[in-house]
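Me: I have a model open and would like to learn how to read it feature by feature. Please give the general idea each time, then the case at hand.

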Amino acid sequence: MSALVEALLGLGPQMAEHVLLCAAAVALGIAVALPLAVWASRSPPVARVTLGFASLVQTIPALALLALFFPILLAARALFGEGLPTLGFLPAWLALALYALLPILRNAVIALTNLDAELIEAADGLGMTSWQKLRLVEAPLAAPYVMAGIRTASVWTIGAATLATTIGQRSLGDPIFAGLQTQNWVLVLAGCIASAALALVADGLLGLVERGFAMRRPRLVIAGALLALAGIAGAAVSLLEWRDDARETVVIGAKSFSEQYILARTIGQVLAQAGFAVEYREGLGSAVVHNAVASNAIDVLVDYTGTLWTNQLERTDNPGRAAMYEQIVRWEADTTGVRVLGRLGFENAYGLAVTQETAHQYGLATIADLARVAPQLTIGGDPEWFERPEWVAVRDAYGLRFAAQRTYAPTFMYNALRSGEADVISAYTSDGRIAAENLVVLEDPHEALPSYDAIVLVSPRMAGNAQLVAALQPLLGAVDVETMRQANYAVDRDEDKRSPEQAAEWLLSAIPR
Amino acid sequence: MNGAPPAFLCFDRLSKSYDSVIAVREVSLAIAAGEFVALVGASGSGKSTLLKCINRLVEPTSGRVLLDGQDVLAGPPARLRRRIGYVFQGVGLFPHMSVGENVALTPRLEGEVLAAARIADLLELVELDPAMADRLPTELSGGQRQRVGVARALAGDSHLLLMDEPFGALDPITRGQLGERVRRLHDQLELTTLMVTHDMAEALLLATRVLVMDAGCIVADETPQALLAGAGGEVAQALIEVPREQARRLAGISE
């Protein structure tokens, strides 16, 4: 329980940014939706088009909508220059505002088009101009319904804004994504409680405003609006204090799995000791993370050679570990300006693992050894493995022919190996369970499996920062796969779990520096 | 037109059609200042459409309406409507404004503030307690609401009062009282009044001139006395027969 309280208390900055992001998004949604609604209420074709568009937007999953703004803003740079941010606040703001549009627009259009016909006849008959009619009659009468739409939009936005974490905007999604990946349910719960509480408070305050409009009690309207504005102002002020820091801020990115969280914290601790102010953008989608570092949205990132080789260089060949690394370094320098600082020392590659007993029994050290005895053995893999090019490559390079081939959910693969249902399994080489189960990862002398060297990338903005480079230098070549496995296992295991921060502390104490 | 004083309100070959339906058919007519004109006819005879062409709630298909010698289509419609009092069956009091605010609305549209004393006068004109100015319309009875509607229509100091079935939704007693009151206001304030009604008895009791409409045309244009004497033709006499028949049957019961 105290862990939960502690987690909740640590969410101050996330809460503040979440509040500001949602307030800005709903404000933009209102600013766009209300004039559109007035126009739509006077023209049925406009109503059809705008409501149709807003409904269409709503059918796009929020996660995809957020991610879509990355390429859109990237394209918009042609118009607005290279300074246009493609990650973080701007895309999150725009996507959420678009998401907030529908409930506000729909309620406002319905309210305006369903006003009592007699009141409209009276307004016209008395000689109101179109503007007077809007101001004196339509707006006040539609206000409670419009407010109900704003209320719905706010609650939706507060929920959807947790996804802004994936495009590098700090939000209450940070603990949720971090917790989900490291199976730290206290963190997940803390994030959910915080965002649900925020949604309830916003709903309550806006409900007060709505009731005030409906009951024609201006004091309720003012009270609700003032309290909501006070909350937004409080969030802004708390962030001002937060940002009031003369030190240079380095933003460290992480994709959404345990190893990434641990390494981000490891780098963060090293940089903090070197005098940098450190911020984290964790849980980034793997599709946007490389562009994030290339566009200076984040400054430091650990990525993997094999991933960059396929996704960024768009290569399908396998030139071998050293050549791949060198080509990536050159490619980054030439095309993105990202500096590849060096290799951490371990790989998170695909590999084939066996138990100590199996290795001993058949005398297995390499995949070539395995090929000899494969016809007597059963191989297990996760459902994806047997479809991947890596499997085809290793199978053909060594002429692997197994007696049987079985697929398991990743968690059950290790059980299958332990129980003898499978003799060999596919594995990620830095997976903590390899250390925990004391497995042997077979060597790959033909280098048939592409290498996935963990490398440190530095954004173009920070590439020339000698102090930063010097601070990170001791980490290069210092993290061997055994150490990484143990750190990963400390976070992933079910008993006696460590947070990524604690695992990072342990990692730093365990490596030679 | 048809006499020495120029007509206050004049229809010149006015027509209005909706798609294929002709609601008003080439109506030409002159109304002098001070007349109380009732427009009577069955539902769909075009009487409301004709009335609404005056304050442009309906735009005519062809022909003109002249008010004080000027084509009503000449200026912006809002300006025109503020000079014309308009009362209709739906009343249309704004629920978010007090009675006083509703009454003061037409001057407000011109940027003027109606003094509380003037609001009180207007409420007294329609026999309402001036203290009601602070109430909300929902707290009023149907008859009281329509009285406020009349007061609101008079607040713009207009000399022309248009009424579209103004008492149609009221109970018979309230209806009779309010009709009488409006007739006296008409005389007292020297208004020109056009009232659409489907009730011939009401028209005969209140108006100085009764127009009977049928299928978009004016088929009778007579004083109440002339109509009761048998003038106006078939359609008009059929309408008069309704209250006559009722009166006869009531007399029969009491005997």
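Me: Which residue just after H8(A) takes a positive phi?

Reply: A:Gln183 does, with a phi of about 55 degrees. Two notes on conventions come before the rest. Residues are numbered from 1 along each chain as its sequence is written, and chains are lettered from A and ligands numbered from 1 in the order in which they are written. This is a predicted model, in which local features need pLDDT of at least 70 and side-chain atom pairs count only at pLDDT 80 or more, while totals for chains, interfaces and linings use all residues.

Me: How many residues of H8(A) are buried?

Reply: A residue is buried if 20 or more other C-beta atoms lie within 10 Å of its own, exposed if 12 or fewer, and partly exposed in between, with C-beta atoms placed from the backbone. In H8(A), nine of the 10 residues are buried, so the helix is mostly covered. Among them are A:Asp174, A:Ile176, A:Phe177 and A:Gln181. For the chain as a whole, 47% of the 513 residues of chain A count as buried.

Me: Why does A:Gln260 count as buried?

Reply: A:Gln260 counts as buried because it has 25 C-beta neighbours inside 10 Å. A:Gln260 lies in helix H11 (residues 258-273) of chain A.

Me: What is A:Gln260 in contact with, leaving aside its neighbours within four places in sequence?

Reply: Two residues are in contact if their C-beta atoms, placed from the backbone, lie within 7 Å. On that basis A:Gln260 is in contact with A:Ala254, A:Lys255 and A:Val302, its neighbours within four places in sequence being left aside. Over chain A, consider the contacts with a separation of 6 or more: residues 24 or more positions apart account for 79% of them.

Me: How is a pair of packed helices described?

Reply: Two packed helices are described by the angle between their axes and the distance between the axes. Axes are lines fitted to C-alpha atoms, for helices over the stretch in contact, and angles run from 0 to 180 degrees between N-to-C directions. In chain A, the axes of helix H2 (residues 12-42) and helix H3 (residues 44-59) come within 5 Å and cross at roughly 140 degrees. That makes H2(A) oblique to H3(A); angles under 35 degrees count as roughly parallel, over 145 as roughly antiparallel, 65 to 115 as roughly perpendicular and the rest as oblique.

Me: Is the crossing of H2(A) and H3(A) left-handed or right-handed?

Reply: A crossing is left-handed if the near helix is turned anticlockwise from the far one by less than a right angle, and right-handed if clockwise. The crossing of H2(A) and H3(A) is left-handed. A:Leu36, A:Trp39 and A:Ala40 on H2(A) meet A:Val46, A:Ala47 and A:Thr50 on H3(A). For residue classes, Ala, Val, Leu, Ile, Met, Phe, Trp, Tyr, Cys and Pro count as nonpolar, Asp, Glu, Lys and Arg as charged, and the others, Gly among them, as polar. This contact divides into five nonpolar, one polar and no charged residues.

Me: At what angle do the axes of H4(A) and H5(A) cross?

Reply: The axes of helix H4 (residues 62-80) and helix H5 (residues 89-113) of chain A cross at roughly 130 degrees and come within 9 Å. H4(A) and H5(A) are therefore oblique to each other, and H4(A) passes H5(A) in a right-handed crossing. The residues of H4(A) that meet H5(A) include A:Leu65, A:Phe69 and A:Leu73, and those of H5(A) include A:Leu94, A:Leu98 and A:Tyr99. By class, the contact has 13 nonpolar, no polar and no charged residues.

Me: In what order do the six strands of the open sheet in chain B lie?

Reply: Two strands pair if DSSP finds at least two bridges between them. The order in chain B is E6-E7-E8-E3-E9-E10, with mixed pairing. Strands E6 (84-88) and E10 (217-222) of chain B are the edges, each pairing on one side only. Strands E3 (residues 36-41) and E8 (residues 192-197) of chain B run parallel and are joined by five bridges. B:Ala38 has B:Met195 in E8(B) as its bridge partner.

Me: How many residues does each chain give to the contact of chain A with chain B?

Reply: Chain A gives 15 residues and chain B gives 15 residues. H6(A) gives the most to the side of chain A that touches chain B, with seven residues.

How values were computed
Helices (H or I, at least four residues) and strands (E, at least two) are DSSP runs, numbered from the N terminus.
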